Amino acid sequence: MPISHGVSPGQASPDATMGSDLAIEAVELTKTYGKGDKAVRALSGVSFSVRSGVIFGLLGPNGAGKSTTVKILTTLSTPDSGHATVAGIDIRRHPDQVRRVIGYVSQKPAFDPIATGRENLVLRGRIYGMSAREARRRADELLERFRLTEAATRLTSTWSGGMQRKLDVAMGLIHRPRVLFLDEPTTGLDPEARAEMWAEISALTRTERLTVLLTTHYLEEADRLASHLVIVDRGKVVASGSPDELKRHIGGDSVQVELADEDWNGHAQRTLQAVPGVTAVTADGSRLRARVTNGAAALPGVLTALEAAGIEPVSVSVARPSLDDVYLHHAGRAFREADQAGAGRTGVAA
Amino acid sequence: MTTFIAHTGLLTGRSLRTLSRQPAYLLFTLVQPMVWLLLFGQLFTRIAELPGFSTDSYVEYLTPGLIAMTAMMTAGWSGTSFIEDMERGVMDQTLTSPVSRGAVITGSLAYQGITTVIQSLIMFGVGLLLGARYAGGVLGVGIVLLCAVLLAVTFAALSDAVALLVRQQEALIGISQFLALPLSFLSSVMMAPALMPDWVADVATFNPLDWAAVASREALTASPDWGVIFSRVGSLLALAVVMGWLATRAFRAYQRSI
């Protein structure tokens with residue numbers, strides 16, 4: 001049964017009450033850090049639900065409240081108000097039980113650099129109550145699965161960044177959790193390692209039969225991996241649905257015009273706005289984006305108008321709506337801008 | 001309870017494994033006490049001739065107190081590994097696993113206790129080489145080790161608690177340095193109680209380092225006064241338990257901050 005259709009920011013999905021098939025249910029979570037003048041509101045009523053066995057994306061710019069949401073769901077932090085269940089267990093009433101069924105891979109590395117890959121995995125297995133032999137067997141299985149077997153007996157401080165990140169994910173899986181939380185799993189990885197990590201993550205729900213909650217500020221990552229996602233902005237859910245649903249919901253195409261010189265963009269923006277069929281124009285540096293109902297039909301008009309105005313674009317292209325458009329539509333600002341603004345703030349609400 | 005002990009054991013084991021791969025760290029913590037024992041001890045050799053010292057050999061007088069002082073100073077660094085774990089994702093991962101907050105603390109304290117025993121035995125050895133003789137024998141040495149461990153546990157717990165509260169390496173080291181030197185000079189570690197100014201002797205009775213130093217020296221004499229030893233060891237034990245409990249409570253402050 002598909003849940004969280006369309007856009008219902010700040011409200012629990014009506015399907016959420018239907019129980020057993022939900023891996024995660026968050027209702028009206030709020031959280032403020034600090035007091036008085038220094039208070040930072042990280043979450044102002046976040047609600048969503050995640051069906052079992054899917055990869056669910058929590059997408060948003062830096063500082064949107066993604067990590068705070070994950071910290072609450074993993075029992076690391078407590079919400080000021082609201083409630084949530086993970087694998088059917090109430091996070092506030094039974095945090096101990098929640099901890100047994102979740103895996104948490106935080107943004108920061110959690111492996112021990114002065115231990116080998118296998119030692120890292122075995123120790124985590126033992127912490128979850130496995131016998132030494134069981135932990136070793138499971139460690140070898142995971143090393144094999146993430147293609148780390150060859151390096152298994154080397155100190156992890158000598159591993160590459162991509163391998164270390166895979167080890168962190170493997171450590172989160174050692175006890176066969178039902179829900180795995182991946183907080184920004186590919187931040188800081190080079191493109192090759194990122195592609196590899198994507199392949200691993202998308203295989204997880206097939207082979208480990210678990211639910212994955214993934215936070216990311218990469219639009220492409222959410223688009224590629226998540227079957228459902230919510231877009232979080234300034235501590236609120238602004239949109240939810242599958243990537244396709246979200247794109248379909250805003251409708252139309254966009255015509256992107258790349259200018260040779262940023263100085264032209266005010267003039268060009270006014271020119272584009274006057275073209276019939278163009279509903280909105282946004283500018284991001286030297287790049288302009290015009291929303292149109294049908295890209296192919298609008299293109300000749302756009303080109304003619306630019307030529308008539310004496311503007312020579314570097315390139316003009318038609319694009320199907322992207323998650324970037326979805327974000328722009330719901331949050332009223334371009335994703336990249338919001339991401340940079342968020343990164344400049346203090347890390348507390350990241 | 002068995003899970004608690006198992007988790008403590010696993011976390012202590014992790015730290016010991018790290019130490020076994022970086023043994024130089026232990027030597028590093030021994031540099032300062034060696035300077036005290038070899039240089040300070042030699043420079044002030046003749047101080048033991050003053051009436052009020054129970055022994056003629058200053059090194060013999062100094063060794064048990066220095067063992068306690070070293071245990072205290074080394075334990076003050078305990079929280080730095082908490083801060084490293086917090087800066088990395090290790091602490092967060094531990095706190096989202098079934099490991100209890102108490103086990104994280106006891107794991108750290110047990111590790112500190114074990115390294116204190118190793119350090120203390122090395123210092124005893126150096127003392128012997130320098131001519132100190134311990135009439136109290138094996139039992140006496142055992143009590144000195146017990147005092148050193150209890151003192152280490154107390155200060156390691158304090159250091160862990162401060163680490164969870166300030167979450168900053170510089171602040172933690174500053175605070176522990178701020179405590180260590182005054183506590184050392186306001187004690188009988190280097191000077192016989194009978195020869196201290198009265199006010200210092202008064203203050204020293206509230207100083208856990210002094211409790212450990214007094215009990216340790218007493219235990220190494222030929223016929224120890226057990227009343228002196230039991231009262232000091234009892235106080236140290238009580239303080240260690242209170243500090244361990246406080247450190248566990250400090251997790252709340254940490255969790256509020258994340």
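Contact here means heavy atoms within 4.5 Å.

## Ground rules

This is a predicted model, where local features need pLDDT of at least 70, side-chain atom pairs count only at pLDDT 80 or more, and totals for chains, interfaces and linings use all residues. Residues are numbered from 1 along each chain as its sequence is written, chains are lettered from A and ligands numbered from 1 in the order in which they are written, and side-chain values use heavy atoms, with hydrogens and water left out.

## Chain A overall

Let's start with how chain A holds together. Of its contacts with a separation of 6 or more, 70% are between residues 24 or more positions apart. The secondary structure comes to twelve helices and 14 strands; these are DSSP runs numbered from the N terminus, with helices being H or I of at least four residues and strands E of at least two. Chain A has a radius of gyration of 23 Å, close to the 20 Å that the globule rule gives for 350 residues, so it is as compact as a globular protein of that length. That radius is taken over C-alpha atoms, and the rule is 2.2 Å times the number of residues to the power 0.38.

The C-alpha trace of chain A spans about 75 × 45 × 45 Å along its principal axes. Buried residues make up 54% of the 350 in chain A, where buried means under 20% relative accessible area, exposed over 50%, and partly exposed in between (1.4 Å probe, protein chains only). Chain A exposes about 15,200 Å², with carbon and sulfur atoms supplying 49% of that. Accessible areas come from the Shrake-Rupley method with a 1.4 Å probe, and for residues only the protein chains shown count as cover.

## A buried strand residue in chain A

A:Val179 belongs to strand β7 (residues 179–183) of chain A. Its relative accessibility is 1%, so it counts as buried. Leaving aside neighbours within four places in sequence, A:Val179 is in contact with several residues, among them A:Ala23, A:Ile24, A:Val86, A:Val101 and A:Thr211. A:Tyr104 sits 75 residues from A:Val179 in sequence, but the two are 8.7 Å apart in space, C-alpha to C-alpha.

## Chain B overall

Chain B comes to eleven helices and zero strands. Its radius of gyration is 19 Å, close to the 18 Å that the globule rule gives for 258 residues, so chain B is as compact as a globular protein of that length. The C-alpha atoms of chain B fill a box of roughly 60 × 40 × 35 Å along the principal axes. Of its contacts with a separation of 6 or more, 80% are between residues 24 or more positions apart.

In chain B, 54% of the 258 residues count as buried. Chain B exposes about 11,300 Å², and carbon and sulfur atoms supply 70% of it.

## Inside and outside chain B

B:Ser120 is in helix α6 (residues 101–129), and at 2% relative accessibility it counts as buried. Apart from neighbours within four places in sequence, B:Ser120 is in contact with B:Ile67, B:Leu145 and B:Ala148.

On the surface, B:Val31, B:Val35, B:Leu38, B:Leu39 and B:Leu130 form a nonpolar patch with about 400 Å² of accessible area together. Patches are made of residues with over 30% relative accessible area and no salt bridge; like charges are joined within 9 Å, nonpolar side chains (Val, Leu, Ile, Met, Phe, Trp, Tyr) within 5 Å. B:Val31 itself is in helix α2 (residues 24–43) and counts as partly exposed, at 48% relative accessibility.

## Where the chains meet

In the interface, 29 residues of chain A are in contact with 26 residues of chain B. The two chains bury about 2,500 Å² between them, 54% of it on carbon and sulfur atoms; buried area is the accessible area (1.4 Å probe) that two parts lose on being put together, summed over both. On the chain A side, A:Leu76, A:Ile114 and A:Ile127 lose the most area to chain B, together 25% of what that side buries.

## Salt bridges

A salt bridge is a side-chain nitrogen of Lys or Arg within 4 Å of a carboxyl oxygen of Asp or Glu.

Within chain B, B:Asp85 and B:Arg14 meet in a salt bridge (2.9 Å, N to O). B:Asp85 lies in helix α4 (residues 78–87) and B:Arg14 in helix α1 (residues 2–21), so the pair ties together parts that are 71 residues apart in sequence. In chain A, A:Asp90 pairs with A:Arg93 at 3.2 Å, N to O; A:Asp90 counts as buried at 17% relative accessibility, whereas A:Arg93 counts as exposed at 65%.
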